[in-house]
Amino acid sequence: MGPALVMVAAFFVAPVIITLGMSLTDMATTTGLANWQWVGLDNYERMARGSFTLLILGNTVFYVVVTLAFNVLTGLGIALLSANVDQRVGGVFRALWLLPRISPSVVYALMWTWAAAAPPYGVINQLVAPFGIEGRYWINSDPWLIVFLINGFVGASFGMLIFTSAIKSIPEELFRAARVDGANAWQIAQRITLPLLRWPILFVLTYQTMSLFASYEYILLTTNGGPGLYMTEVWSLWAFHTALSSYFGNLEFGYGAALAAVLVVMGLLVSFILLRVFRFNDLVSDPRIEIT
Amino acid sequence: MGGLGRGISSALPYAVLILFTLPILILYCWLGFSSFFTRMEGLRPAGAFTLENWRFLWVPETVEQLANKPPIIPLTINTLVFSLATTAVVLLVSSMAGYALSRLNFPGRRAFLGSVLLLHSFPSVTLLIATFIVLRQIGLYDRLLGVILVKAAFEIPLGIWIMKGFFDTVPWELEMAALVDGAGRITVWWRIVMPLVRPGLLALGLLAFVSGWNEFLLPFVFMPSGSQATLSLLVRALLGEGRFVDYGLLTAVGLYYVLPILILFLFAQDHLMKVYGGGVKG
C-alpha cells in the first residue's frame, strides 16, 4: 500500500496540484524555475483573448467528433461482422485490428507517413490513381484525412473488443429463437444485438471521448499540428507545444499548465453531458450486460 | 432462400471484413517487404531481394544516417531495461496495493479506489508538464530511472484495479487458515495469495511490458540529451530527417523494433486481447 501511495502522490496528485498552481504563474524558460511570479488569472485571460484559441477549439471538436464516429462505428461493424463468421477467422480479423494498438506509435506513424508520402512513394497515391486522382503529398494536401485515418485505425480496436465480449455474453437462446422465427442476420443485429449493446456503446463513447480529448501523440508524429500555422493543432497538442516543445524555443510552463487545466475541465464537461444525454441513471438500473 | 442467395449472404461478411482490414494488411506487408528489397514501387518489390537494409546490425559504421546517433545494441538494451524495470515496478506496487484494497478495510478505501480510476483517465499532457518540474526538483530529469518511475506511475492506477479484481476472486478461507496457523500477513500474501493470482500478474505484466517497449513520449520529453535513449527515439529521429527518407533502412529499423512485440503477440494473443478489452477478471 505504501509504495503505491507514494508513487500516486508523487506523479499524480502532486502534478495535478502543481499544474493548477503553475497556471497562475508566468513560469517559463526565460524566468527559470526560480524567478517566476504569481500572475493571477492572466494566463486564462490571454487564452480567452488569443487569436488562435477559437481555431484550435474548433479543430479539437472536429477531431474528436469525426474520430469518435469512425472509432465507434468501425468497432461496432468489425465486432458484428467477426461474430457472424467462422469463430477462428473472426479471431484472426480481430487480432489484425489489434496490431496498430500494440505496435510502437513511432513505427505505426512511420507506416502512415509512407502511405501518405508524395509520389513516387505512397500507396494511397497508387490506390486512388485508377479513379483519376492525381498523386500528391497527402500529409500536406489533406492533413485531416491522415489524422482521422491514423487515429481511427488504432482507436476502433477498443470498441471492437468491448463489443465483441458483450455480444458473446448475450444468451445464445435469443439468437436461436430469432432464427427459428425466420429472422435474417441483419434483423437479428438490428432487433436483438444492438439494443442489448446499449450499455457497452455508452461506455465506449464516453471512454473514447475522454481519450480523444487527451490524445495527441499520433498527430505529433505525423502533421505535428501543421501544415501551416495550427491547421491540425488540437488543444492537448497546443498545451504540449506551449509547455514542452515550443517552436520558438521558450517553454511557457505557466501558460501550458493553464491550457492543460482547461483541457481537464473540457473533458469532464463533455463526459458529464454525454452521461446526461444517454440518461445514465436509467441505464444503470437496467439489468446490464457485464463487460467481462 | 435459394442456394445462390445463401452463398452470397454468407460470403458478404467476409468480403466486408477483408475490405475494411485491407489498410492494416497493406501497412504491415509493406513494412516487411520494404525492409528486404532494394526498391519498392508502392506495395510491389521492384528491386532485388537484399539484406543490405539490415546492415545496421552487423556493420553499423557504414550506415551514413546512423553516423551521429547512438549505436543500436545499447539502444536495444536501454529499451529492454526500461520496459522490464517498468513492468517489475508496476507488478510489485499494483499487487501490494491491490491486495490491501481487496482485503483490508482501512479508512478512505472507497475514496482511494474512486480517485485511482479518475486519475487513470486524466489527460497525460496535464501530468507531463508538472512531472517535468517534479523530476527536475528531485534530480531525475534526463535519466532513464526518472522515466521508468514516471511510466510505472502512469500504469499503476489501471494495474491496481486489475490486481484488485484478481485478489477478490481468491477465497478468504485459504488465508484465514494460514493466519490461524500463525503465518504473518506478508508471508501469507507472498506465499499463498500471489501464486493464486498468477494469471493476473501475467496479464498485467504483458500489458506493462508492451506499453513500456512502445513508449515514445516520455523518453522524448524527459530525456532530451539522448544519452540513455530508447529505440523509439531512434525511429523518430530517422523519420524526422525530412524528404530524403531511406525507406529501406527505416523499415528495417522499424521492423527490428516492432518484431519482439509481434512475436509476443503471436504467443500471448488471447491474454493480450483480454487485457486490451479492459475486462480482466480471473
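These are my notes on chain B of a predicted model and on one place where a helix of chain A packs against it.

**Chain B, overall.** I started by listing the elements and got 12 helices and 2 strands. Reading from the N terminus, I wrote down the order α-β-β-α-α-α-α-α-α-α-α-α-α-α. Next I checked burial: 41% of the 282 residues in chain B count as buried. I also looked at contacts in chain B with a separation of 6 or more, and 71% of them come from residues 24 or more positions apart.

**Domains of chain B.** The chain is divided in two, with domain 1 at 3-50 and domain 2 at 69-276. I took their centres over C-alpha atoms and found 34 Å between them.

**Across the chains.** I then turned to helix H13 (residues 235-244) of chain A, which packs with helix H4 (residues 124-137) of chain B. The axes lie 9 Å apart at an angle of about 10°. Angles under 35 degrees count as roughly parallel, so H13(A) is roughly parallel to H4(B).

Which residues meet here? From H13(A) I noted A:Ser236, A:Ala239, A:Phe240, A:Ala243 and A:Leu244, and from H4(B) they meet B:Val125, B:Leu128, B:Ile129 and B:Phe132. Sorting the residues of this contact by class, I had 8 nonpolar, 1 polar and no charged.

Technical notes
Residues numbered from 1 in each chain as written. Chains lettered and ligands numbered in written order. Predicted model: local features only at pLDDT ≥ 70, side-chain atom pairs only at ≥ 80, totals over all residues. Axes fitted to C-alpha atoms, helices over the stretch in contact; angles between N-to-C directions. Helix = DSSP H or I, 4+ residues; strand = E, 2+ residues; numbered from the N terminus. Parallel < 35°, antiparallel > 145°, perpendicular 65-115°, else oblique. Contact = placed C-beta atoms within 7 Å. Nonpolar A, V, L, I, M, F, W, Y, C, P; charged D, E, K, R; others polar. Buried ≥ 20, exposed ≤ 12 C-beta atoms within 10 Å, placed from the backbone. Domains from an automatic or database assignment.
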